Amino acid sequence: MSSRRSRSRQQTSSASRITEDQINDLVSKLQTLLPEAHIRSGDRVSAARVLQETCNYIRNLHREVDDLSERLSELLSTTDMSSAQAAIIRSLLM
Amino acid sequence: MLASASIEAGSTSGKKQRTGSPNQAQIKWRTGAQERIYNRRLIEALRAARGAARPGAHAVKEAADSALALTARGQSRWSRAILTSRLRRRKLLVKAVGRIRRRRRSPVPSKRDPAAMKVGRVVPGCRSLPAPTLLEEAADYVAALEMQVKAMRALADALSSARIASPESEAAES
């Protein structure tokens, strides 16, 4: 949404005019995805804080995936695939 | 946390959607449908990984990530980055993959800040993106990872209980 109607080369499209508001909006929406324990969604926290928390959260999730991969690898070594499939179907139906 | 969020997912559709708002990410990944698709992909990938030896933790993680990227159907940069890196490793059609549209809106990211770059490092394929795109990718990635953890945990739990139920499987251990 550019207020200047200049036809200069620098103005490619309105989409490239990234406003503070747009960023803040995206940041606050990202905040809603983060676990409540880290950020009280009522408070207005800084964008930098949200980004830092996002980093931490993603790293935690990666770690959880790694742990689960370990666990699954152990479980799979002692279970054959057909019973794994049966287990999946059962858990999906529950 | 996840339980309360899934109730929310239905009601956020009332909000005005801006270009790729993170609420979309929540709605997409927290439906049961995505998880079911992911489960299927995960099993396929694990099956493929089995090969000769039993899948080690690393192989399982690779399978889990590939399955996640496939479930995303390459609609996000991070998922394309995962799929591309797999293909490169298997040396298949690298050139064709390279031609997948890489729409960079601005050659020089107009709004870059160091905090955002921290996030760019942990999201695959998003190292040098302008802040708004990066934030959208991050939101989608977070929601996808949550689903991945949930699905893997469910699978592990299901396998554990199946294992307890059938004691003859422990004979394989040794």
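**Aromatic rings in chain B**

Trp29(B) has a relative accessible area of 1% and is buried. The model is predicted.

**Exercise 1.** Classify Trp78(B) and Tyr141(B) as buried or exposed.

Solution. Buried means under 20% relative accessible area. Trp78(B) has 0% relative accessibility, so this residue is buried. Tyr141(B), at 4%, is buried as well.

**Exercise 2.** Find how many aromatic pairs there are over all chains, and describe the geometry of the pair Trp29(B) and Trp78(B).

Solution. Ring centres must lie within 6.5 Å to pair. The count over all chains is two aromatic pairs. For Trp29(B) and Trp78(B), the centres are 6.3 Å apart and the planes stand at 40 degrees, so this pair is tilted. Trp29(B) belongs to helix H2 (residues 22-29) and Trp78(B) to helix H5 (residues 77-90), so the pair links distant parts of chain B, 49 residues apart.

**Exercise 3.** Describe the geometry of the pair Trp78(B) and Tyr141(B), and state which helices of chain B the two residues lie in.

Solution. Planes under 30 degrees apart count as stacked, over 60 as edge-to-face and the rest as tilted. Here the ring centres are 5.0 Å apart and the planes at 55 degrees, so the pair of Trp78(B) and Tyr141(B) is tilted. Trp78(B) lies in helix H5 and Tyr141(B) in helix H8 (residues 131-165), so the contact ties together parts of chain B that are 63 residues apart in sequence.

**Exercise 4.** State which residues form one aromatic cluster.

Solution. The cluster consists of Trp29(B), Trp78(B) and Tyr141(B).

Terms used:
Residues numbered from 1 in each chain as written. Chains lettered and ligands numbered in written order. Predicted model: local features only at pLDDT ≥ 70, side-chain atom pairs only at ≥ 80, totals over all residues. Heavy atoms only, no water. Phe/Tyr/Trp six-rings, centres within 6.5 Å; stacked < 30°, edge-to-face > 60°. Helix = DSSP H or I, 4+ residues; strand = E, 2+ residues; numbered from the N terminus. Buried < 20%, exposed > 50% of the residue type's maximum accessible area, 1.4 Å probe, protein only.
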